Every structure is written in C-alpha cells, then in structure tokens.
Amino acid sequence: MVLIAGCSDGRDSTVLVREPQANRRELLQSLHTARDYFALREILDEYIPDSSETLFFQAAVYQAFNKPNQSNYAIDRALVGLDEFDPLLARLLELRLANFVHLHDYPSVLEVAERLVELPAGTSASIDLKSVRDISLISKHLAGFAPQEALVHDSSLIELQQSHIPLQIEGHHRSYAFDTGANYSVLMRSEAEALGLSVINVGLSVDTSTDLTVTADLAIAGRLSIGSIDYRNVAFLVFPDEALTFPGGFQIHGLIGFPVIEAMGEVRFHRSGLLEVPLESATDARNTLALVGLDPVILVGYKDSEFICRLDTGANSTTFYEPFFRRFQSMIVREGTPSVARTGGVGGVREFSAYRLSDVELELGGRVASLENVDVYPTSIVEREEENYLYCNVGRDILSQFDEYRINFRTMSFSLR
C-alpha cells in the first residue's frame with residue numbers, strides 16, 4: 001500500500017512509501033483532519049477502499065470535489081454492518097447530512113439530522129450537534145418549498161460594481177454583494193419586506209464574529225435573475241437591519257452566497273470588473289478546488305510548504321490564521337509587527353490582536369502573488385478545535401492582481417491568468 005511523505009518539487013507535503021496498515025489509517029485521518037482532500041485523494045487512488053473506515057474517507061473526498069451522489073453511495077456501502085455505538089456511524093451521517101444540504105433535499109436532511117441527534121451520546125462526541133440542530137431547523141422550514149433551480153439560457157457578461165452584482169429579484173432591480181465565502185445568501189429584514197417577500201419566523205441563533213448572538217429568519221425568493229440565468233426558489237437568511245449595519249452607516253442590504261454562485265457552473269472574474277458566466281463550462285479536469293461544507297478551499301504555497309486556505313471573493317484583504325502562525329511562529333515574531341486587525345461581518349466589527357508582515361509571496365492557482373502589510377492572527381478565532389484547519393482566507397487583494405481568475409464548480413478547478 002502507498003502513502004505520502006514528500007513532493008517532487010521539494011514542498012513540505014507527502015511522499016508515496018510503503019507502510020503498515022496502522023500507519024496508513026493514521027495518515028488518512030491526519031489528512032482528513034487538515035481538510036487536505038487533494039493529498040487524501042492521491043492516496044485513495046492507489047487502492048480500492050476495503051473497509052467502512054476507508055469508505056468514509058472516500059465519501060469525504062467525493063463530497064469535497066462536488067460529487068454528493070457518489071459520496072452518498074460510498075456512505076451506503078460504509079454503513080453496512082455498523083451498529084448505533086460505532087463512532088464512525090456519526091461521522092458518516094454527518095457527511096450524508098452535508099450532501100443532502102448541497103442537493104437541496106431538505107426532507108432527507110431532516111431524516112438524517114433526526115438520526116444524528118438520537119445517537120448515543122458517546123458515539124456523537126465528534127459531531128457539532130448545535131450545527132446539526134441549526135441545519136435541521138432551517139430544513140424544517142424549507143422542506144415545504146420546491147428546491148432551488150437554475151436555468152442558464154446563454155453566456156453572461158455582467159459588470160460588477162465594487163464586488164456587487166446587478167440582479168432582478170421578484171421584479172425589482174437590485175445590486176447585492178457577491179461572496180463565494182458566504183454559505184447562504186442574505187437579506188436585511190427591511191430589504192426582504194421592500195421586495196414583498198414573506199419572512200418565515202425561524203428564530204435561528206447565529207453566532208457572529210463579534211461574539212454576539214443574532215436571530216435569523218428565512219425568506220424564499222420565487223424568482224431571481226442574474227445575467228442570462230433564471231433561478232427559482234432561492235433561500236435567504238434574513239437578519240435584523242442592525243446586524244448588517246456597520247460603523248459609518250454602511251449596510252449590506254443583500255448578499256449572494258455559495259448556493260446561487262455554485263449553480264452558475266463556472267465564473268470568470270476579469271480585472272476590468274466584468275464577471276463572465278459561460279454557457280459551457282471549461283473541461284479542465286484538474287481538481288485544484290475543493291469544498292469543506294460549502295466553503296471553497298484551495299492549496300496555497302509559501303516557503304516550500306503547502307496548506308489549505310478559503311477562497312473568499314467577498315473579502316477585501318487576505319488574512320492568515322492561527323495554524324499559519326503556529327507553523328511559522330519564529331519567523332513571524334521576528335519579522336512581524338504587533339498590530340490590531342479589524343474584521344467585519346454579521347453583528348458588526350471585531351478587533352483581533354495580530355502580527356503584521358510587511359511582505360508575503362504566495363503560490364496559488366498556478367501563479368505567484370505578492371502581498372504587503374498582511375495580518376496574522378496568533379490565536380484561533382473558531383470555537384471548536386476541529387474547525388481550526390484554515391491557514392488563511394484568500395481575498396481580493398490577491399485575486400485583483402491578475403487579469404482573470406476562474407472558479408469552476410463542475411471540474412472543481414481554480415486558476416489565475
């Protein structure tokens with residue numbers, strides 16, 4: 001059997017060597033914990049999964065590369081023979097839950113969520129049950145609606161204005177933020193009411209970046225058009241106006257998130273400010289983009305190392321997180337300057353202690369990009385250690401350095417040109 005421990009280009013990644021079964025299992029788990037589905041896929045390609053555990057990793061890889069139906073098939077095979085007290089059962093059901101969310105199959109989401117919360121406490125210790133309950137609450141209200149549909153009539157060339165995209169929603173012309181880093185599309189309550197949408201009282205408690213808890217509701221837009229794409233039954237989280245109002249009076253009236261963007265198939269951002277959505281997606285078969293839940297992630301190279309970062313078209317600037325600080329701590333403390341970083345999101349603006357690096361050179365999407373005065377957070381900003389895997393959040397300060405960048409959700413590829 002083959003394992004990874006280093007790369008031909010000298011990067012600190014993995015090299016294929018023969019190791020005992022126990023070591024193979026340990027490596028598979030470590031790559032899954034790090035969300036490095038690129039390396040995990042390479043290992044799994046070397047053999048046929050031969051146990052429920054290896055089928056779990058195969059299902060995780062299928063999910064990461066946007067193949068939810070194939071992931072569910074691998075889960076079905078892995079579930080054979082497992083009892084309610086096997087810890088692997090909860091992990092498999094968690095994967096299945098995410099697949100059904102991605103497929104907009106809300107009745108199935110409810111079924112899986114109910115089974116998850118009823119598992120014996122000891123077997124579900126690795127699962128974020130609050131997240132499961134939140135997904136269940138949303139799905140309970142969405143199950144009565146037809147799932148989102150998208151019809152691409154022709155190629156589109158759309159002019160973005162400060163990362164906002166023009167659209168029509170229920171016959172109204174609007175311009176909303178366009179954000180691949182947002183798991184859901186979002187509306188202010190006053191905006192939902194102005195559009196004539198019925199707000200469904202859900203009472204979803206959402207933890208924000210400012211440590212406040214905000215209550216969100218739901219609204220369904222029956223008709224939404226972007227360029228030559230017509231959508232039906234688009235779900236929006238609806239937040240109180242004050243949660244989307246920032247110092248200086250800036251407001252986010254609406255935001256188009258991942259479920260709408262992913263349905264476009266492929267998006268091409270041009271430096272001129274144009275967004276192109278081709279009728280036929282490119283056929284690039286390289287998987288250089290993966291999904292963690294509904295977060296698009298890519299491999300980023302720095303100083304002979306590679307790590308996982310979120311691709312966030314809604315972020316003005318790139319930020320580095322605690323795993324990056326931990327890996328390069330001595331260099332960061334020696335060369336960085338202590339600073340205070342500010343980040344905005346639902347609930348307002350939050351400040352973090354940080355180190356500021358004067359210049360950083362990164363490799364991503366087949367190109368090299370340079371950054372100046374970039375912030376590094378020395379402490380984790382997530383509650384659960386299992387979620388502390390991102391090394392950075394790639395924003396528009398990198399992406400705007402190139403004439404074009406492409407995100408293809410069919411071939412799961414990302415490239416800079």
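Figure 1. A disulfide is a pair of cysteine sulfur atoms within 2.5 Å. This is a predicted model, in which local features need pLDDT of at least 70 and side-chain atom pairs count only at pLDDT 80 or more, while totals for chains, interfaces and linings use all residues. Residues are numbered from 1 along each chain as its sequence is written, and side-chain values use heavy atoms, with hydrogens and water left out. The structure holds one disulfide, which joins Cys309 to Cys392 with an S to S distance of 2.0 Å. The link of Cys309 and Cys392 is right-handed, with 110 degrees about the S-S bond. Because Cys309 lies in strand E16 (residues 305–311) and Cys392 in strand E21 (residues 392–394), the pair ties together parts that are 83 residues apart in sequence. Helices (H or I, at least four residues) and strands (E, at least two) are DSSP runs, numbered from the N terminus. Cys309 is buried at 0% relative accessibility, and Cys392 is buried with a relative accessible area of 0%; buried means under 20% relative accessible area, exposed over 50%, and partly exposed in between (1.4 Å probe, protein chains only).

**Figure 2. The largest nonpolar core and the surroundings of Ile226.** A nonpolar core is a set of buried Ala, Val, Leu, Ile, Met, Phe, Trp, Tyr and Cys residues joined through side-chain atoms within 4.5 Å. The largest such core has 116 residues, of which Ile226, Ile256, Phe324, Leu364, Val394 and Phe414 touch the most other members. Helix H5 (residues 87–102) supplies the largest share of this core, nine residues. Not counting residues up to four places away in sequence, Ile226 touches Ser156, Ile158, Ile165, Pro166, Leu167, Tyr231, Ile256, Val260 and Met264, where contact means heavy atoms within 4.5 Å. Another core, of 22 residues, lies apart from the largest one and has Leu142, Ile200, Leu204 and Leu218 among its members.

Figure 3. Rings of Phe, Tyr and Trp (its six-membered ring) pair if their centres lie within 6.5 Å; planes under 30 degrees apart count as stacked, over 60 as edge-to-face and the rest as tilted. The whole structure contains 16 aromatic pairs. For Phe56 and Phe57, the ring centres are 5.3 Å apart and the planes stand at 65 degrees, so the pair is edge-to-face. Phe56 is buried at 2% relative accessibility, and Phe57 is buried at 1%. The rings of Phe246 and Phe250 have centres 5.9 Å apart and planes at 35 degrees, so this pair is tilted. Phe246 is buried at 12%, whereas Phe250 is partly exposed at 47%. One aromatic cluster is formed by Tyr302, Phe307, Phe320, Phe324, Phe328 and Tyr391.

Figure 4. A salt bridge is a side-chain nitrogen of Lys or Arg within 4 Å of a carboxyl oxygen of Asp or Glu. The whole structure has 20 salt bridges. One of them pairs Arg35 with Glu387, the closest N and O atoms being 3.7 Å apart. Arg35 lies in the loop between helix H1 (21–33) and helix H2 (37–44), and Glu387 in the loop between strand E20 (367–376) and E21, 352 residues apart. Arg35 is buried at 11%, whereas Glu387 is partly exposed at 34%. A network of salt bridges links Arg35, Arg384, Glu386 and Glu387.

Figure 5. The side chains of Lys130 and Asp134 meet in a salt bridge (2.8 Å, N to O). Lys130 and Asp134 are four residues apart in helix H7 (residues 129–142), so about one helical turn separates them. Lys130 is partly exposed, at 39%. Arg268 forms a salt bridge with Glu266, with the closest N and O atoms 2.9 Å apart, and both Arg268 and Glu266 are buried.
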